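Q: Hi! I have a structure open and would like to talk it through with you. Can I start with how far to trust it?

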Amino acid sequence: RAVPAAPQYVGTSGKPGENAALRYWSAFAQMQDVALTDAQVKQLNQILEGTAPFVETSYKDLIERNRKALETMARGAALPYCDWGIDYQLGPDAPVDYVRKALQLGRLNVLYALHLGMSDREAAVRALASGVRFSHDVANGGTLFSTLVAKNLLAAHLRAMAFIVHMAG
């Protein structure tokens, strides 16, 4: 007796697996020790505002441990379609764990872009562009919570752009 093939997600391109959310979930699974403390988030915001220096050595190990997750996120951001698969029939009980993970990954991407901005501005631009697209995808079809997180991530990436442009002179 033949075993039926497993169902495959088909994105708008007609090719199986071209849903950016699937790549983002893979990136979430690859993240290691990414929880930033409130103090670190505050320091990151101060760096982006230009009121605190960016000390690359403070975040270098964190960035290196998560490079694969960041690369996976960038591959997902390159895809034209993102569907998180939220079950809206659950109403306020719909699981939105991806939003917390997205916030962590997005903040990590900002640190990665700042790290790259010190030596490879083209790579920093690519990381920031991926982060902007990721921010859009976080809000795509989500809840109010996901929209607020996406706004926060977008603002952080835009501030990082301004910071790198300012550092470039």
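Q: Which helix has the lowest confidence in the chain, and which the highest?
A: This is a predicted model, and confidence in the chain is lowest in helix H2 (residues 38–49), with a mean of 80. The highest is in H4, at 97.

Q: And what is the mean pLDDT of the chain?
A: The chain has a mean pLDDT of 86, with 90% of its residues at 70 or more.

Q: Where does pLDDT stay under 50?
A: Over residues 3–11. The model has eleven contacts beyond four places in sequence for that stretch.

Q: Back to H4, then. Which of its residues are buried?
A: Ala69, Leu70, Thr72, Met73, Gly76 and Ala77 are the buried ones in H4.

Q: Why do they line one face of the helix?
A: Looking down the axis of H4, the buried residues fall within an arc of 160 degrees, so they line one face. As a general point, an α-helix has 3.6 residues a turn, so residues three or four places apart point the same way.

Q: What covers those buried residues of H4?
A: The cover includes helix H1 (20–30), helix H3 (56–65), H5 and H6.

Q: Let's take H5. At what angle does it pack with H4?
A: H4 (residues 67–77) and H5 (residues 97–117) pack at about 100 degrees, and their axes are 10 Å apart. Because of that angle, H4 is roughly perpendicular to H5.

Q: Which residues make the contact?
A: From H4 there are Arg67, Ala69, Leu70 and Met73, and from H5 there are Leu105, Leu108, Asn109, Tyr112 and His115. By type, the residues of this contact of H4 with H5 are six nonpolar, two polar and one charged.

Q: I'm curious about His115. Buried or exposed?
A: His115, in helix H5, has a relative accessible area of 11%, so the residue counts as buried.

Q: What does His115 touch?
A: Leaving out residues up to four places away in sequence, His115 touches Phe54, Glu56, Ile63, Glu64 and Arg67. Arg67 is also one of the H4 residues in the contact with H5.

Q: Changing topic: where does His136 lie?
A: His136 lies in helix H6 (residues 121–139). Its relative accessibility is 47%, so His136 counts as partly exposed.

Q: How far is its C-alpha atom from that of Ala150?
A: The C-alpha atoms of His136 and Ala150 are separated by 6.5 Å, and the two residues are 14 residues apart along the chain.

Note on methods: Residues numbered from 1 in each chain as written. Predicted model: local features only at pLDDT ≥ 70, side-chain atom pairs only at ≥ 80, totals over all residues. Heavy atoms only, no water. Axes fitted to C-alpha atoms, helices over the stretch in contact; angles between N-to-C directions. Helix = DSSP H or I, 4+ residues; strand = E, 2+ residues; numbered from the N terminus. Parallel < 35°, antiparallel > 145°, perpendicular 65-115°, else oblique. Contact = heavy atoms within 4.5 Å. Nonpolar A, V, L, I, M, F, W, Y, C, P; charged D, E, K, R; others polar. Buried < 20%, exposed > 50% of the residue type's maximum accessible area, 1.4 Å probe, protein only. Arc of directions from axis to C-beta. pLDDT = per-residue confidence, 0-100.
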